[in-house]
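Trainee: Please take one part of this model, the salt bridges, and go through it closely. I would like to know where they sit and what surrounds them.

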Amino acid sequence: MKNWKKTLLRESSTLREAIKCLNASGLQIILVINKEKKFIGTITDGDIRRGQLSGLNINQSIKTIINKKAFFVRPKTRNSEINRMMEINYINQLPILNNDHKVVGLKMLKEKDF
């Protein structure tokens, strides 16, 4: 079983570390957190490709490619509501955040929760 915690990456990380994170988790998403472990945003494979096309070096910070307007849900959100939100917005993964804005899980559209 894949572990969503492998998707967590600090916002101070480099593009190289982001690529390694994507490969290690196998979940096609990175959940970016700050020093206090609060959710900042997401990075996907497409974000990395667009960053490289715009000249981002593999040793540079990921800060410019973080999607800070990423969708997320709370733990008590009903599965039917989550699935509808994901389908309407063409989202395959949704971070689950607690009231302190910390990641407590990851909802996958076509798989079990992680």
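**Salt bridges and their surroundings**

Mentor: Aspartate 47 and arginine 50 join their side chains in a salt bridge, at 2.9 Å from N to O. The term stands for a side-chain nitrogen of Lys or Arg within 4 Å of a carboxyl oxygen of Asp or Glu. This is a predicted model, in which local features need pLDDT of at least 70 and side-chain atom pairs pLDDT 80 or more, while totals for chains, interfaces and linings use all residues. Residues are numbered from 1 along each chain as its sequence is written, and side-chain values use heavy atoms, with hydrogens and water left out.

Searching the whole structure gives two salt bridges. The other one links the side chains of arginine 49 and aspartate 45, at 1.9 Å from N to O. In general, side chains of opposite charge can pair when their charged atoms come close.

Both partners of each pair belong to helix α2: aspartate 47 and arginine 50 are three residues apart, about one turn of the helix, and arginine 49 and aspartate 45 are four residues apart, also about one turn. Helices here are DSSP runs of H or I with at least four residues, strands are runs of E with at least two, and numbering starts at the N terminus.

Aspartate 47 counts as buried because its relative accessible area is 15%. The cut-offs are under 20% for buried, over 50% for exposed, and partly exposed in between, with a 1.4 Å probe and protein chains only. Arginine 49 is partly exposed, at 46%, and so is aspartate 45, at 40%.

Helix α2 covers residues 45-53, and its buried residues are Gly46, Asp47, Ile48 and Gly51. Among the elements that cover them are α1 and β3, where contact means heavy atoms within 4.5 Å. After α2 comes glycine 55, with a positive phi near 105°.

Now the covering elements. The buried residues of α1 are Leu15, Ala18, Cys21, Leu22 and Ser25. Viewed down the α1 axis they fall within an arc of 110°, so they line one face of the helix; the arc is taken from the directions between the helix axis and the C-beta atoms. The cover of these residues includes β1, β2 and α2. On the face turned away from the buried side, α1 carries the exposed residues Lys20, Asn23 and Ala24.

Strand β3 belongs to an open sheet of three strands, in the order β1-β2-β3 with mixed pairing. Two strands pair if DSSP finds at least two bridges between them. β1 (8-10) and β3 (39-43) are at the edges with a single partner strand each, so one side of each lacks a neighbour in the sheet. Strand β2 (residues 30-33) runs antiparallel to β3, with four bridges joining them. Isoleucine 33 has phenylalanine 39 of β3 as its bridge partner.

The largest nonpolar core has 13 residues, and Ile48 is listed with Ile30, Ile43, Ile62 and Ile65 as having the most contacts inside it. Such a core is a set of buried Ala, Val, Leu, Ile, Met, Phe, Trp, Tyr and Cys residues joined through side-chain atoms within 4.5 Å. Its largest share, four residues, comes from α1. Isoleucine 43 touches Ile29, Ile30, Val32, Ile48, Ile62, Ile65 and Ile66, leaving aside residues up to four places away in sequence.
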